[in-house]
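Trainee: Hi, can we go through this structure together? I'd like to start with the terms.

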Amino acid sequence: MTPRRQDFFSSRKMLFLGLAFHLFLLLSPSAARIGYFWHITDIHYDVHYSVSGDIRKSCRRTENKLGGAVGNSRPAGRFGDHNCDSPWDLVESAAKAMKSKHGDNIEFVLWTGDGVAHSPGVSGDHQLERLKNLTHLLRHTFSSQFVFPVLGHDDPNPGLHFGQGYRDVANYWRPWLPTEAIQTFNKGGYYTIERKLQKLRLVMLNTNLCSDIVGNEEDPAGQWAWLEETLQKSQRNRETVYLVGHMPPGVDERQNGGISPYHEVFQARFNQRYLRLVRKYSDIIVGQFFGHLHSDSFRIVYSDTGRPVSWIFLTPAVSPKKTPSGANNPGLRLYKFDTDSGQVLDYRQYYLDLDAANRQNVAEWQPEYNFTDHYGLNEVSAHELHNLVESFAVQEGATLFSRYYRANSVRFHHNTEGCDASCAHTHYCAITRLDYQEFRSCLETAASALASAGVIALCIPWSLLVLLLMPLLHALVQSVLMPSFGGLHYS
Ligand SMILES: [Zn+2]
Ligand SMILES: [Zn+2]
C-alpha cells in the first residue's frame, strides 16, 4: 500500500467516523450540548454624562437639605459615577468585555430593557436615537449571534404612542427578530422565539403592560391571552420555556423594612395572574430572567401546597446609578445551559469595580463569582434555591447571607454592616413571597411576634431584637404561611 493510498483510506475512514459520530449525536436522546448566553440589562445610556463642565448641573450633583442642587467635590470618572447613569465609555467597555470574555461561543444574548437614561422630559425621538446607538453597538459586537431584546420601563414608551411606537422600535430590532415576532411586537411589544433544532422556546414579555400605565384594561394588547396560548402550545409540543422580561413580579428586596407601593411594579391583579401561570406551567418553565431592580438577586415561586416549583434570576444593571434602593457596581452575566432542554447549569457574574476603573483609567471587567460555587449548590433548581434562602435565617447560614448581600449590590457593599436583621428579613421575604399580601404578612409576622413577646418595651434596638429572635421568627413565619413544607430541608 503506497503512502498516498494509505492517506486516502485513512481520510475516508476519518470521514466515515466523523459522519457516524454526527449521526450518533443527532439520534442520541441524550445529545445534550452545553451552550452559553449573555444576559445584559439596565444599561441606561446617558448621552449627557460629562467628565468636564459644571457639576452643579450634571448628574453628579447632590441635593442639599432644602432640596437645591449643590456642587460635589468628587472628580468625574471616565467610566461613570454612582450618582449617574452610564457614559458611553462604560457601555462600550461592557460590550468589549462580553466579546473578549467569551468571543463568539454563545447561543444568543438576552437584553432586558432600560437602554436609555432615567431622563424625565426627554422627547421620545431622542430616546429612540439612543436606543438606536445601543442597538448598533450590540449588532456590531455580536455580528453572528442574535440579541433578543425586551422593552424596559425607561425605554421609549410605546404604550403611550400605541401602534406606531412599537413599530419604530421594531424597525431597529428587525435584524434579530423573525417575521412572526415582529407581528406580535408591533401589536404589543411582546414576542416568542422558537429555536427550531432545540426544544427550548423563549417568551419575551412587555412588562410595561403589567404596570399602572395600562389602567383598568383587562388584557392590555392581548398579552395575557397570547402568553397562556403560547404556554399551552409549548406544553402540547413538549417544549421547555424561558420567560424573559424587564420588571419582575413581586417586590424589591432592597426596601429596608418599608412597605412602599413604589416597589410593587406589577398591578396586584397582574402579579397574581403571572404567578398563577407560572405555577400552572412550572413543569415546562425552566428559567425566568428579569432586570429592572438593578440588583443581583433571585426569587422562588412556590406551588399552592408550598413546594418550590420555579425560580427567577434577577441580573444586576450595567448602570451604576443609585436607585431609591441603593447603588451597585456595573454587572454582566453569562449563563451556561443545556442547549436542548434549556436547563440552566450555572452562571458566571462579571463586574466592574467602578472606582478602581476610574482611578486606573481602564475598565477591567472581572469574574465576580460562579453561582453554584459561590453558594455551594449541587444544581440550579427551585429546590436548591429554597434550601439556600432558608439557610440565610440560621446562624450557620450567616456566611452565605453575607456572600449573597455582597453580590446583591455587585460588591458596592463589601460586608453586611449596612444590613441589620430586619433588612436581612426583608430580603428573605422578597425572595420567597412574590404575592404582595404574603410579602406583607411575612414582614408583619416578624413585627407582631416581637410585639407579643413584649420585648419592645425593653427599649432594645429593633435590629438587635430581630437578630436575637430571628430563628423564632423564622419558624413562626414558616408555620403560619407554609404549613405544608414538612418534608423539606431547611438549613
Ligand atoms: Zn433600570
Ligand atoms: Zn426599569
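Predicted model: local features only at pLDDT ≥ 70, side-chain atom pairs only at ≥ 80, totals over all residues.

Trainee: OK. What is the bridge partner of G35 in β12?

Mentor: F337. Strand β1 (residues 34–40) and strand β12 (residues 331–338) run antiparallel, and six bridges join them.

Trainee: In what order do the six strands of the open sheet come?

Mentor: The order is β5-β4-β1-β12-β13-β14, with mixed pairing. At the edges are β5 (146–149) and β14 (366–370), each pairing on one side only. From one strand to the next, the twist averages 25°. That angle runs from 0 to 180 degrees between N-to-C directions, using axes fitted as lines to C-alpha atoms.

Trainee: How many helices and strands are in the chain?

Mentor: The chain has 15 helices and 14 strands.

Trainee: New topic. Is D42 buried or exposed?

Mentor: D42 is buried, because 29 other C-beta atoms lie within 10 Å. The cut-offs: buried is 20 or more other C-beta atoms within 10 Å of the residue's own, exposed is 12 or fewer, and partly exposed is in between, with C-beta atoms placed from the backbone. D42 sits in the loop between β1 and β2 (62–63). Its phi is positive, about 45°, although D42 is not a glycine.

Trainee: And R238, buried or exposed?

Mentor: R238 is exposed, because 8 other C-beta atoms lie within 10 Å. R238 is in the loop between α7 (223–236) and β8 (240–244). R238 is not a glycine either, yet has a positive phi of about 55°.

Trainee: How many residues are in the largest nonpolar core?

Mentor: It has 109 residues, and V203 and M204 are among those with the most contacts inside it. Such a core is a set of buried Ala, Val, Leu, Ile, Met, Phe, Trp, Tyr and Cys residues joined through C-beta atoms within 7 Å.

Trainee: What share of the chain is buried?

Mentor: Buried residues make up 43% of the 491 residues.

How values were computed:
Residues numbered from 1 in each chain as written. Chains lettered and ligands numbered in written order. Pairing = 2+ DSSP bridges. Helix = DSSP H or I, 4+ residues; strand = E, 2+ residues; numbered from the N terminus.
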